[in-house]
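Hello,

Here is the structure I promised to pass on to you.

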Amino acid sequence: MDGLEIVSCPYCKGDSFSPWAVERGFTTVRCTACDFLFLNPRPSESIRSQATQMGVHTAADGLDISERYIPKKSKRYKCILADFFSADFSDGQPISWVDIGAGYGETIDAIRSVAPTGSRIFGVEPMHPKAEAARARGLEIFEQPLGPGIPVCDYASLIDVFSHINDFDDFLQKVRSILKDGGEFFMESGHLDGRRTRDDFPGVLGSPDHVAFATERHLTGFLERNGFEIIRTRLDRIDGWSFTAKNLVKKVIGRDVRLRAPYSSSYRTVLVRARKLP
């Protein structure tokens, strides 16, 4: 297929891998050296850039990846951020925080609710439909990829975006460039262990929009080798009654999900708080 490229393991650069799952005709493989899961072959950077800007993936027959605004996300992240950061914000000093891959702004809403008064909270979102919708709600959004032109901040976050990134090492160097000395980076992603089977993951993989799947070990490894120290990690389960009901609906309409009883999946998401080292 045009626009696809065969790659080495994004984590350890190994070239030995085996098929792990197939979705929409795209294969996720497991690195035999480090168990990292990644799409191979995957859409080229030019194809991914076009999809990110327009919200439609040409590598998957026009797959719509623009999603929608979900207010409930803000409530969940308000609780998470309060747990991770409320003690740090107790002095009332304003902060600056950029949410990378801000989408429709649900995480920005949550950060605003816990950050001190007078803080500057803004987002980076290259997908035009999402950026436009977030601005319509009064949020400050930079409609561009991460890089030059983004103000230097005290904090940066990346929520459910890791799987979209081809080169996370390069991405983390860009994150360092927009963080002040001692600035912090907060992220959430799936904790998907290649030593388990596809049936252990209850949701859709999201191929070809999602190109990489990591564990806590991989994420902390990426961060540490790119000049961050880990402050705290936390694993959260997501397989409650609401998630199960959504999966049932997806199954009925033909999506590739695994139906399980609520609170029976081994799958977790991982939250990581890290600090930029000199």
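Predicted model: local features only at pLDDT ≥ 70, side-chain atom pairs only at ≥ 80, totals over all residues.

Residues are numbered from 1 along each chain as its sequence is written, and side-chain values use heavy atoms, with hydrogens and water left out.

Let's start with helix H2, residues 71–85 (helices are DSSP runs of H or I with at least four residues, strands are E runs with at least two, and both are numbered from the N terminus). Its buried residues (under 20% relative accessible area; exposed is over 50%, partly exposed in between, with a 1.4 Å probe and protein chains only) are Ser74, Tyr77, Ile80, Leu81, Phe84 and Phe85. Down the axis of H2 they fall within an arc of 130 degrees, so they line one face of the helix (the arc is that of the directions from the helix axis to the C-beta atoms). The face turned away from that buried side carries exposed Lys72, Lys75 and Cys79.

Now the backbone. Most residues other than glycine have a negative phi, and most peptide bonds are trans. Arg24, however, has a positive phi of about 55 degrees; Arg24 sits in the loop between strands S2 and S3 and is partly exposed, at 46%. Asp160 also has a positive phi, near 55 degrees. The peptide bond from Asn40 to Pro41 is cis, and a cis bond joins Ser207 and Pro208 as well.

Enjoy exploring!

Note on methods
Expected span 1.5 Å × (residues − 1).
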